[in-house]
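Open the model in your viewer and keep the selection tool at hand. The tour goes from stop to stop, with a selection at each.

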Amino acid sequence: MYNKYNYTYQILFIITIVLSKISLLLFITRLTPNVATIRVGRIILCLIATWGVATVFGFAFQCSLPQPWNNTTGVCQNQQALYYAAGAIDILTDIVLIILPVAILWGVQIQRKKRAIVDRKSTRLNSSHRLY
């Protein structure tokens with residue numbers, strides 16, 4: 001029974017992460033009138049969505065059917081490689097989502113002290129959106 005819960009949790013966790021990243025990215029791109037930044041945001045959005053779909057399918061079919069949650073007796077793919085790849089891309093997209101607002105604020109004409117405060121707060125908000 002635990003394997004079924006773990007299987008479901010993995011898939012729902014990836015879906016939640018992808019939707020939160022897409023939501024944050026759409027919010028960030030709505031703040032800027034710069035066409036180049038909006039294009040970069042759309043490219044990143046497509047990459048995050050593609051990563052999400054591929055990772056969900058990877059987790060969904062990591063073990064053989066008809067019981068893909070049964071990783072004790074079923075024939076499973078290299079799960080460790082799947083976890084490392086998903087984690088590495090997740091960290092990379094987090095870094096991009098931290099850098100994007102800083103790049104947008106770089107062109108805003110405010111005092112350096114105020115800009116540093118805003119940059120620190122946006123970085124803190126982006127990097128603390130989940131704990132694991």
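Predicted model: local features only at pLDDT ≥ 70, side-chain atom pairs only at ≥ 80, totals over all residues.

Now show both rings. Three aromatic pairs turn up in a search of the whole structure. F57 and F61 make a stacked pair, because their ring centres are 6.0 Å apart and their planes meet at 10°. The cut-off for stacked is an angle under 30 degrees. Two values are enough for this stop, because a pair of aromatic rings is described by the distance of the centres and the angle of the planes.

Next, select T55. You are in helix α2, which covers residues 35-60. Is T55 buried or exposed? T55 is buried, because its relative accessible area is 5% and buried means under 20%. Display the backbone oxygen of W51: the T55 side chain reaches that atom at 2.7 Å. Then show I14 and A86. Both are in contact with T55, once its neighbours within four places in sequence are left aside.

Last stop: select L12, in helix α1 (residues 2-30). L12 is partly exposed, with 48% relative accessible area. Together with L12 they form a nonpolar surface patch, and the accessible area of the three together is about 270 Å².

Definitions and conventions: Residues numbered from 1 in each chain as written. Heavy atoms only, no water. Patch = residues over 30% accessible without salt bridge, like charges linked within 9 Å, V, L, I, M, F, W, Y side chains within 5 Å. Areas by Shrake-Rupley, 256 points an atom, 1.4 Å probe, with all protein chains shown as cover. Salt bridge = Lys/Arg side-chain N within 4 Å of Asp/Glu carboxyl O. Helix = DSSP H or I, 4+ residues; strand = E, 2+ residues; numbered from the N terminus. Buried < 20%, exposed > 50% of the residue type's maximum accessible area, 1.4 Å probe, protein only. Polar contact = N/O pair within 3.5 Å; in protein donor to acceptor, adjacent residues only side chain to side chain. Contact = heavy atoms within 4.5 Å. Phe/Tyr/Trp six-rings, centres within 6.5 Å; stacked < 30°, edge-to-face > 60°.
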